[in-house]
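Welcome, and please take a moment to look over the structure below. A short briefing follows, grouped by topic.

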Amino acid sequence: MKSYMATPQTAQREWFVVDGQGKTLGRLASEIAMVLRGKRKPSFTPHVDTGDFVIVVNAEKVVLTGRKLDQKMYWRHSGHPGGIKGKTAREMLARKPREVLRQAVKGMLPKNDLARHMLKKLKVYGGPEHPHQAQQPTPLDL
């Protein structure tokens, strides 16, 4: 009996839309990462990108529990000595709410070239509108 292995040509991709309003950041990110990776499909193959596209609307309205708004830090480094800078989650949500969710999902994907392809299928929007109506996305219940 042969094992089934999906290929990029046989991957059936769907489009899903998720409303982030009132959802906890980490729980939302883990569910999105599972869909992007394709683990909800019976044809999941670890070394092939079989995941679906995910559109997230209202990303600026995600919720962080506890004191994470003031204690969680987002770091970046310029590559030069002393070039490290950090922002709190409150500052990031005020300036770049899409980046907060994108980085949370990125941290839950595998650390390889395949994850970079999976992350390109994530479309995050701060408000309730998105330009992907032509793809006819279905709501994803989480």
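Here is a brief guide to a sheet, a pocket and a surface patch. Keep in mind as you read that this is a predicted model.

- Four strands make up an open sheet in the order 5-2-1-6, and their pairing is parallel.
- Its edges are strand 5 (122–124) and strand 6 (138–139), each of which pairs on one side only.
- Strand 2, covering residues 53–57, pairs with strand 5 in the parallel sense over three bridges.
- To find this pairing on your screen, look for Ile55, whose bridge partner in strand 5 is Lys123.

**The largest pocket**
- The volume of the largest pocket is about 150 Å³.
- Two or more lining residues come from each of strand 3 (73–77), strand 4 and helix 4 (97–107).
- Among the residues lining this pocket are Tyr74, Trp75 and Arg76, along with Lys85, Gly86 and Lys87.
- Met92, Lys96, Glu99 and Gln103 also belong to the lining.
- Sorted by class, the lining holds five charged, three nonpolar and two polar residues.

**The nonpolar surface patch**
- On the surface, Met73, Trp75 and Ile84 form a nonpolar patch.
- Together these three residues have about 330 Å² of accessible area.
- Ile84 lies in strand 4, which spans residues 84–88.

Key. Residues numbered from 1 in each chain as written. Predicted model: local features only at pLDDT ≥ 70, side-chain atom pairs only at ≥ 80, totals over all residues. Heavy atoms only, no water. Patch = residues over 30% accessible without salt bridge, like charges linked within 9 Å, V, L, I, M, F, W, Y side chains within 5 Å. Areas by Shrake-Rupley, 256 points an atom, 1.4 Å probe, with all protein chains shown as cover. Salt bridge = Lys/Arg side-chain N within 4 Å of Asp/Glu carboxyl O. 1 Å grid on protein atoms, 1.4 Å probe; cavity = no way out; pocket = protein on both sides within 12 Å on 5 of 7 lines; lining within 4 Å. Points joined across faces, edges and corners; volume = space filled by probe spheres on them. Nonpolar A, V, L, I, M, F, W, Y, C, P; charged D, E, K, R; others polar. Pairing = 2+ DSSP bridges.
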